[in-house]
Amino acid sequence: MPRLFTALVPDDAVLRDLATALRPVQAALPEARWEPVERWHVTLCFHGQAEVADITAELRENARGLAAPTLRLAGAGTFQNPSGGVVWIGVAGVDSAGDQGLNRLAEASGADMGRFSGHLTVARWKDGRPLARRCREVAGELADYVSPAWTATDLVVMSSQLSPRGPRYTVEERVALRVP
């Protein structure tokens, strides 16, 4: 059984904008492992090992009638644990309806809403306090970043295969959202 998660994938204009905004900080912090654009997504819920058909059927039922929210990437921060951490870009609704829509999609996907924090991971690091400090500084430099808006028209069920060169994500299914 594959390892699955449900995600939102920003549109190409948003991804290009973020890639442009990241270039200067990537050059300043080459020792971080910067995620390639093709891996960028907003995880709504990690399902672990599961059958694609089961997750997709449940997602279609839970998301029935949900509106496609208008979102943007905004702000930045880090998550840190004893073995390393990540630099992330936040995601939020363009207005309160978008924020509610993002949360509804996460809930429909099965997310633990007490722990859900919409974000897109752009870099990872392994342990090392100097690198963690520098990653926090980079996140601070990106704190004012705001992407163009996009409408999340579908939920994406993706599989993840781990390898020494990083995970490989494959789109398994798409669940369309109601576009007003």
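Contact here means heavy atoms within 4.5 Å. Axes are lines fitted to C-alpha atoms, for helices over the stretch in contact, and angles run from 0 to 180 degrees between N-to-C directions. Helices (H or I, at least four residues) and strands (E, at least two) are DSSP runs, numbered from the N terminus.

I noted the ground rules next. The model is predicted, so local features need pLDDT of at least 70 and side-chain atom pairs count only at pLDDT 80 or more, while totals for chains, interfaces and linings use all residues. Residues are numbered from 1 along each chain as its sequence is written, and side-chain values use heavy atoms, with hydrogens and water left out.

Two strands count as paired if DSSP finds at least two bridges between them. I checked β8 against β9 and found eight bridges in the antiparallel sense. Within that pair, L155 stands opposite V175 in β9.

I picked A63, in helix α2 (residues 52-63). Is A63 buried or exposed? A63 counts as buried, because its relative accessibility is 3%. The cut-offs are under 20% relative accessible area for buried, over 50% for exposed and partly exposed in between (1.4 Å probe, protein chains only). Beyond residues up to four places away in sequence, A63 touches A108, L155, V175 and L177. I also took a C-alpha distance: A63 and D154 are separated by 9.8 Å, though 91 residues apart along the chain.

Then I turned to S160, in strand β8 (residues 154-161). S160 has 7% relative accessibility and therefore counts as buried. Leaving aside neighbours within four places in sequence, S160 is in contact with R3, F5, P167, R168 and Y169.

**Entry: the five-stranded sheet**

I moved to the other sheet. What is its strand order? It is β2-β6-β5-β4-β7, an open sheet of five strands with antiparallel pairing. The edge strands are β2 (33-34) and β7 (150-151), each pairing on one side only.

I walked along the order, pair by pair.

- β2 and β6 pair antiparallel over two bridges, and W34 stands opposite A123 in β6.
- β5 and β6 run antiparallel and are joined by seven bridges, with W88 opposite T121 in β6.
- β4 and β5 run antiparallel with nine bridges, and a hairpin joins them through two residues.
- In β5, A92 stands opposite R72 and V86 stands opposite F79.
- β4 and β7 run antiparallel with two bridges, and T70 has T151 in β7 as its bridge partner.

I checked burial on β6. Six of its eight residues are buried, so β6 is largely enclosed by the rest of the structure. Helix α3 lies across β4 and β5 here, at about 125° to β5.

**Entry: pockets**

I ran the pocket search last. It uses a 1 Å grid over the protein atoms alone; a pocket is an open set of points where a 1.4 Å probe fits, with protein on both sides within 12 Å along at least five of seven lines, and lining residues have an atom within 4 Å of a point. Grid points are joined across faces, edges and corners, and a volume is the space filled by probe spheres set on the points.

The largest pocket holds about 1,200 Å³ of space. Its lining has 39 residues, with T43, V86, H119, T121 and R124 nearest the centre. Elements giving two or more residues to that lining are β1 (3-8), β3 (42-49), β4 (70-81), β5 (84-93) and β6 (119-126). Which element gives the most? β6 does, with six residues. By class, I logged 17 nonpolar, 13 polar and nine charged residues. Ala, Val, Leu, Ile, Met, Phe, Trp, Tyr, Cys and Pro count as nonpolar, Asp, Glu, Lys and Arg as charged, and the others, Gly among them, as polar.

The second largest pocket has a volume of about 150 Å³. Its lining includes L66, P69, D95, R104 and P180. Helix α3 (residues 96-109) gives the largest share of that lining, four residues. The lining divides into six nonpolar, three polar and two charged residues.
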